[in-house]
Amino acid sequence: MATYVNGGVLSWLMPAIAWGILIIGAVFMIRRQKNQAPFWKAFLVFMVGVFTISYTFEPRGIMVRIPILPLGVLILYLTLRRKNGRWERYRRFAWFGFAGNILLAIMALAAIPLSAIVYPSDDPATYLSNPEKVSLVQSHPAASNVSLDQKKLAEQLDGMTEAQPEGESWYRESTVEDENQSKAPERFPYLLSGVEPKWGSGLSSLIYVEGNGKGLLILSGDTQYYYQLSESIIKGGGAE
C-alpha cells in the first residue's frame, strides 16, 4: 500500500528554521569582516545571492528545491565587477546566499522522515485525534439507524489492527444488482463526522465505519487504510 506523507506544520517550520540559521549566519559573517562593508549592502548581496534557478519536486507532499544555477551570484558578479575590488569585497556574501539554498533543501528533505515519525501514516490516531467528540452519520440509504459508542472507539483506537482492504470483493458487493439500488449492499454505510487529525499534520481524511461496527476505512490523499476492531463501536441495529 502506498504511503502518503504530508508535512503539515513541518513543511514550513523546517524552512523557517533554515532561514533563521542563514540570517543569523549572514549577520555574524558581516560583523566579523575585516574590511567593514556597510551592513545593509552586504545583507542585500546575501539576499540576492539566494536567488537561483532550481529543480523543484514534491516528494511525500513536501516541496523541495534543488539549486542548479546561481542566478543571484551571476547577476551580482556582472554588476559589481565593473568597479575595482567591489566584487572581491562582496562575493563571499553572495556565495553564502547561494549556499543557503543547500541548507533549505536539506531541511525540506529532513522534514519527510521527521513527519513520518511525528505523524505516522499507519497510525489511526494520526487521522482521528478526538474520538470522544465525533459522531456517526449515515452515508448510504441502506444504513440502519444506529449511534456511535465513543467510549469503545477511544478505548480501541490504539489497538486497532491494520488489514489489507479486499478491494475487488468489496467492489463486487457494492455493484450487486438489486430491484431497489438504494438497498444494495454497502460494506461501509456510516461516516464519522467531526473528525480532527493530529495537530500540525495537515492531513484531511474521510473515515467510514463498517456495517458491523468492527472496521474503519480511512481515506486520506491517494491512500486508504483499513483497520479492524475487536468490538463493535456502534449501538443499535443489532450490531453490538
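The second largest pocket is lined by W40, K41, L44, V45, L76, L80, R86 and Y90. A pocket here is an open set of points on a 1 Å grid over the protein atoms alone, where a 1.4 Å probe fits, with protein on both sides within 12 Å along at least five of seven lines; lining residues have an atom within 4 Å of a point. The model is predicted: local features need pLDDT of at least 70, side-chain atom pairs count only at pLDDT 80 or more, and totals for chains, interfaces and linings use all residues. Residues are numbered from 1 along each chain as its sequence is written, and side-chain values use heavy atoms, leaving out hydrogens and water.

**Second largest pocket**
- Its volume is about 150 Å³, where a volume is the space filled by probe spheres set on the points, and grid points are joined across faces, edges and corners.
- At least two lining residues come from each of α2 (39-49), α3 (71-80) and α4. Helices (H or I, at least four residues) and strands (E, at least two) are DSSP runs, numbered from the N terminus.
- α2 has the largest share of this lining, 4 residues.
- By class, the lining has 6 nonpolar, no polar and 2 charged residues. Ala, Val, Leu, Ile, Met, Phe, Trp, Tyr, Cys and Pro count as nonpolar, Asp, Glu, Lys and Arg as charged, and the others, Gly among them, as polar.

**Largest pocket**
- The largest pocket holds about 270 Å³ of space.
- Its lining has 13 residues; W19, R65, N101, L104 and A105 lie nearest the centre.
- α1 (10-32), β2 (64-69) and α4 (86-118) each supply at least two of the lining residues.
- α4 gives the most, with 4 residues.
- The lining divides into 9 nonpolar, 3 polar and 1 charged.

**Packing of α3 and α4**
- The α3 and α4 axes lie 10 Å apart, at an angle of about 170 degrees. Axes are lines fitted to C-alpha atoms, for helices over the stretch in contact, and angles run from 0 to 180 degrees between N-to-C directions.
- The two helices are therefore roughly antiparallel (angles over 145 degrees).
- V73, L76, Y77 and L80 of α3 meet R86, W87, Y90, A94, W95 and F98 of α4; contact means heavy atoms within 4.5 Å.
- This contact has 9 nonpolar, no polar and 1 charged residues.

**Confidence**
- The protein averages a pLDDT of 85, and 87% of the residues score at least 70. pLDDT is the predictor's confidence in each residue, from 0 to 100.
- Over residues 1-5, pLDDT stays under 50; the model has 20 contacts for them beyond four places in sequence.

How values were computed. Parallel < 35°, antiparallel > 145°, perpendicular 65-115°, else oblique.
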